[in-house]
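User: I would like to go through the pockets and the surface of this model. Please keep the answers brisk.

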Amino acid sequence: PVPRCKPLRHAYEKEIVLYAYFEGLDYVSTECVYAPHAYRGHARSLLKDLEATRPSTVAALGHSGRRLAVGTEVATKALVAC
């Protein structure tokens, strides 16, 4: 398998939007209809609180996440459009 290249992995969303703006790229951001009820918001607020106390928290989570391996027997759901 070919590894995926993620050049903007360490960039914040604001930085990506600014990059797209200054480069004249089309950028469309729409919220999923399920977003207000998603658990993701709770995790995001936890990360923001952790980052306020220790700025390197998000980077440390990203580095440790890359070291994790997903087993082949893990059941995954098929993704559907919002």
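Analyst: A term to begin with: helices are DSSP runs of H or I with at least four residues, numbered from the N terminus. The model is predicted.

User: Which element gives the largest share of the lining of the second largest pocket?

Analyst: The second largest pocket holds about 460 Å³ of space. Twelve residues line the second largest pocket, and the closest to its centre include R40 and R44. The largest share of this lining is three residues, and they come from α2.

User: How does the lining of the second largest pocket divide by class?

Analyst: C32, A35 and A38 are among the residues closest to the centre of this pocket. Cys and Ala count as nonpolar, whereas Arg counts as charged. By class, the lining of the second largest pocket has five nonpolar, three polar and four charged residues.

User: What is the volume of the largest pocket, and which elements give two or more residues to its lining?

Analyst: The largest pocket has a volume of about 530 Å³. Its lining has 15 residues, and A11, Y12, E13, L47 and V58 are the closest to the centre. Two or more lining residues come from each of α1 (13-22), α2 (40-53) and α3 (57-67).

User: How many residues in the lining of the largest pocket are charged?

Analyst: Glu counts as charged, and E13 is one of the residues closest to the centre of the largest pocket. The lining of this pocket also has seven nonpolar and two polar residues. Its charged residues number six.

User: Which element gives the most to the nonpolar patch?

Analyst: The patch covers about 490 Å² and is made by Y12, L46, L47, L50, V58 and L61. The most, three residues, comes from α2.

User: Is L47 buried, partly exposed or exposed?

Analyst: L47 sits in helix α2. Buried would need under 20% relative accessible area, and exposed over 50%. L47 has 31% relative accessibility, so it counts as partly exposed.

User: Is Y39 buried or exposed, and what distance separates the C-alpha atoms of Y39 and L79?

Analyst: Y39 lies in the loop between α1 and α2. Y39 counts as exposed because its relative accessibility is 65%. Y39 and L79 are 40 residues apart along the chain, and their C-alpha atoms are separated by 17 Å.

User: Is K14 buried or exposed, and what distance separates the C-alpha atoms of K14 and A60?

Analyst: K14 lies in helix α1. Its relative accessibility is 69%, so K14 counts as exposed. Along the chain, K14 and A60 are 46 residues apart, and the separation of their C-alpha atoms is 20 Å.

Methods:
Residues are numbered from 1 along each chain as its sequence is written. This is a predicted model: local features need pLDDT of at least 70, side-chain atom pairs count only at pLDDT 80 or more; totals for chains, interfaces and linings use all residues. Side-chain values use heavy atoms; hydrogens and water are left out. On a 1 Å grid over the protein atoms alone, a cavity is a set of points where a 1.4 Å probe fits but cannot get out, and a pocket is an open set with protein on both sides within 12 Å along at least five of seven lines; lining residues have an atom within 4 Å of a point. Grid points are joined across faces, edges and corners, and a volume is the space filled by probe spheres set on the points. Patches are made of residues with over 30% relative accessible area and no salt bridge: like charges are joined within 9 Å, nonpolar side chains (Val, Leu, Ile, Met, Phe, Trp, Tyr) within 5 Å. Accessible areas come from the Shrake-Rupley method with a 1.4 Å probe; for residues, only the protein chains shown count as cover. A salt bridge is a side-chain nitrogen of Lys or Arg within 4 Å of a carboxyl oxygen of Asp or Glu. Buried means under 20% relative accessible area, exposed over 50%, partly exposed in between (1.4 Å probe, protein chains only).
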